[in-house]
Amino acid sequence: MSNDTAVFLGQFLRSPGTIGAVAPSSRRLAAAVCAPIPERGEPVVVELGPGTGSFTSEIQRRLGGRGHHLAVELNDKMARLLSERFPAVDVAHADAAKLSQLLGERGLRSADVVVSGLPWAAFPDGLQRDLLTAVTTSMTPGAAFTTFSYIHAIPLSSARRFRALLAERFEEVVHGRTVWRNTPPAFVFTARRPR
């Protein structure tokens, strides 16, 4: 078992309602989730629930030193690990619901891309709504929001509710192909033009 898997599993067992995975995401899933990051310019990229950094690493690779990468992690142990592992990333040990405030504290108006590793299907209705409001109010009009869902969660009522909420809050929601080389297999949602 890799060190990151051990950290994930340990944190999941301590707090399964906020840690939605038992293992880090694969490189293939990271590539699919991070696809909307622009190749040029100085984008503001927000990462919610970065965990041990599977998406963080891919975001940094795509940015190549450009823009501003804010990673918001609620779990103290994972936030510290992320800060040590990625010194170029602005890691905030904070609640994602405070995203607008976090951006404002850094002199940033809004995000060009929001990448989410949050376990949406594990959240109750009110928390899903609060977090998605924090996301949509922090995005530029042309921004993209990406997140993923495990295929085994598709039939869950909380997952169905989240998909309906995405359709309500964004003009366009694209359901990507299944990434089979992930544990467990997952697919990506890309949403644009927040309402």
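With which residue does Arg62 form a salt bridge? The partner of Arg62 is Glu58, and their closest N and O atoms are 2.7 Å apart; a salt bridge here is a side-chain nitrogen of Lys or Arg within 4 Å of a carboxyl oxygen of Asp or Glu. The model is predicted, with pLDDT of at least 70 needed for local features and 80 or more for side-chain atom pairs, while totals for chains, interfaces and linings use all residues. Residues are numbered from 1 along each chain as its sequence is written, and side-chain values use heavy atoms, without hydrogens and water.

**Salt bridges**

Arg62 and Glu58 lie four residues apart in helix α3, so about one helical turn separates them. Helices (H or I, at least four residues) and strands (E, at least two) are DSSP runs numbered from the N terminus. Glu58 is buried at 12% relative accessible area, whereas Arg62 is partly exposed at 26%; buried means under 20%, exposed over 50% and partly exposed in between, with a 1.4 Å probe and protein chains only. The whole structure holds eleven salt bridges, including those tabulated here.

| Salt bridge | N to O distance |
|---|---|
| Arg62 – Glu58 | 2.7 Å |
| Glu105 – Arg106 | 3.7 Å |
| Asp125 – Arg161 | 3.5 Å |

The bridge between Asp125 and Arg161 links distant parts of the chain, with Asp125 in helix α6 (residues 125–136) and Arg161 in helix α7 (residues 157–169), 36 residues apart. Shared partners join Asp125, Arg129, Arg161, Glu168 and Arg169 into one salt-bridge network.

**Aromatic pairs**

Rings of Phe, Tyr and Trp (its six-membered ring) pair if their centres lie within 6.5 Å; planes under 30 degrees apart count as stacked, over 60 as edge-to-face and the rest as tilted. The count is seven aromatic pairs. Phe55 and Phe148 form an edge-to-face pair, at 5.7 Å centre to centre and 85° between the planes. Phe55 belongs to helix α3 and Phe148 to strand β5 (residues 139–150), 93 residues apart. Phe148 also pairs edge-to-face with Tyr150, at 5.4 Å and 75°. Both Phe55 and Phe148 are buried, and so is Tyr150.

**Second largest pocket**

The second largest pocket has a volume of about 200 Å³. A pocket is an open set of points on a 1 Å grid over the protein atoms alone, with protein on both sides within 12 Å along at least five of seven lines, and lining residues have an atom within 4 Å of a point; the volume is the space filled by probe spheres set on the points. Of its 13 lining residues, Ser25, Ser26, Arg27, Ser54 and Ser57 are the closest to the centre. Helix α3 gives the most to this lining, with four residues.

Note on methods. 1 Å grid on protein atoms, 1.4 Å probe; cavity = no way out; pocket = protein on both sides within 12 Å on 5 of 7 lines; lining within 4 Å.
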